[in-house]
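Hi,

Here is the structure I promised to pass on.

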Amino acid sequence: MRPGSSVTILCVNCDKPFGSEGHKEAMKDLASNEYAKQLRRALFYQDSVHQFESKAHFDNCDFDGATAYVDTLLNEAEQQVLVAQAGKAKKDTVAMVAAGEKAFFSIGQALHAVQDFYAHSNYIEMTKDTVKDATDIAVIPFWTPEGNAALRKLQQNGLVSGFVFWGIPQLCPAGAQSHADLAKDSEDTKSGKVRVAHLENLSQYRLAIVAARQASSDFLRYSFKRWPLLDELNGKYVAFEVLVDRRGL
Ligand SMILES: [Zn+2]
């Protein structure tokens with residue numbers, strides 16, 4: 001993690017907005033929380049162990065590969081939740097915790113792709129002129145059938161991601177923009193530094209952050225709702241990085 005990068009603390013399934021009391025409670029929870037630690041570990045793991053796989057980062061126009069990969073990771077999480085549930089039923093805390101941690105790791109791996117979508121595709125460029133506020137840029141929940149359909153429609157309308165020479169497979173049309181030109185992982189990239197006048201002059205990097213943060217929140221709420229045991233094990237609060245420039249360009 002680079003110095004100065006911020007950690008987003010999210011309260012999943014909370015009714016009230018995040019206040020200062022909540023913050024204290026969250027920090028206490030997180031200090032001893034192995035589950036959130038696995039989630040964060042997985043976010044970084046993807047840029048080292050899986051750096052050559054286009055699907056892990058929405059690179060090289062491998063949209064179908066990326067959504068299939070997210071599905072696979074969610075299935076892995078589900079298998080681990082089943083093991084954790086069996087452990088809980090048998091009062092085998094060790095088995096329950098170990099499986100719970102693995103489930104969070106798989107979810108963290110998927111979360112990486114969820115965030116990268118906004119930084120590595122031209123989705124922000126495609127939508128910025130259609131909204132009046134940065135928070136109006138819609139999240140594409142490609143972990144659901146509806147979201148998958150929305151992603152396919154976007155592909156028909158010109159959605160691309162950047163060409164990465166070290167990533168496999170490479171599915172962009174010839175002459176596609178390079179990852180270095182298109183990526184919005186930081187405010188220093190060609191596309192990341194572009195300011196958008198009608199959206200409070202925010203940079204495209206900031207817009208990608210806003211969308212990725214909302215997508216992360218939606219994705220974790222979805223996961224906790226699908227597997228209430230994760231909520232029970234972890235508690236309401238999770239902390240993680242959003243679009244840190246994890247691998248450089
Ligand atoms: Zn990535």
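Before the notes, a definition you'll want for one of them: a crossing of two helices counts as left-handed if the near helix is turned anticlockwise from the far one by less than a right angle, and as right-handed if it is turned clockwise. Also keep in mind that this is a predicted model.

The helix pair first. The crossing of H3 and H4 is left-handed. Helix H3 covers residues 63–89 and helix H4 covers residues 93–120, and the two pack with their axes 8 Å apart at an angle of about 165°. Angles over 145 degrees count as roughly antiparallel, so H3 is roughly antiparallel to H4.

H3 itself has 27 residues, and from first C-alpha to last it reaches 39 Å, close to the 39 Å expected at 1.5 Å a residue. Its buried residues include Phe63, Tyr69, Val70, Leu73, Leu74 and Val81, along with Gly65 and Gln80. What covers them? Among the elements doing so are H4, helix H6 (145–156) and helix H9 (228–234). After H3 comes lysine 91, which has a positive phi, near 55°.

The buried set in H2 is Tyr35, Ala36, Gln38, Leu39, Arg40, Ala42, Leu43 and Gln46.

Now the whole chain. There are nine helices and four strands, and from the N terminus the order is β-α-α-α-α-α-α-α-β-β-α-α-β. The radius of gyration is 18 Å, close to the 18 Å that the globule rule gives for 249 residues, so the chain is as compact as a globular protein of that length. Along its principal axes, the C-alpha trace spans about 60 × 40 × 35 Å. Buried residues account for 41% of the 249. Of the contacts between residues at least 6 apart in sequence, 71% join residues at least 24 apart.

Where does lysine 190 sit? It is in the loop between helix H7 (179–182) and strand E2 (195–196). Is it buried, exposed or partly exposed? A residue needs 20 or more other C-beta atoms within 10 Å to be buried, and 12 or fewer make it exposed; lysine 190 has 15, so it is partly exposed. Lysine 190 lies 70 residues from histidine 120 in sequence, with 12 Å between their C-alpha atoms.

Cheers

Technical notes
Residues are numbered from 1 along each chain as its sequence is written. This is a predicted model: local features need pLDDT of at least 70, side-chain atom pairs count only at pLDDT 80 or more; totals for chains, interfaces and linings use all residues. The radius of gyration is taken over C-alpha atoms; the globule rule is 2.2 Å times the number of residues to the power 0.38. Two residues are in contact if their C-beta atoms, placed from the backbone, lie within 7 Å. Axes are lines fitted to C-alpha atoms, for helices over the stretch in contact, and angles run from 0 to 180 degrees between N-to-C directions. Angles under 35 degrees count as roughly parallel, over 145 as roughly antiparallel, 65 to 115 as roughly perpendicular and the rest as oblique. The expected span of a helix is 1.5 Å times one less than its number of residues.
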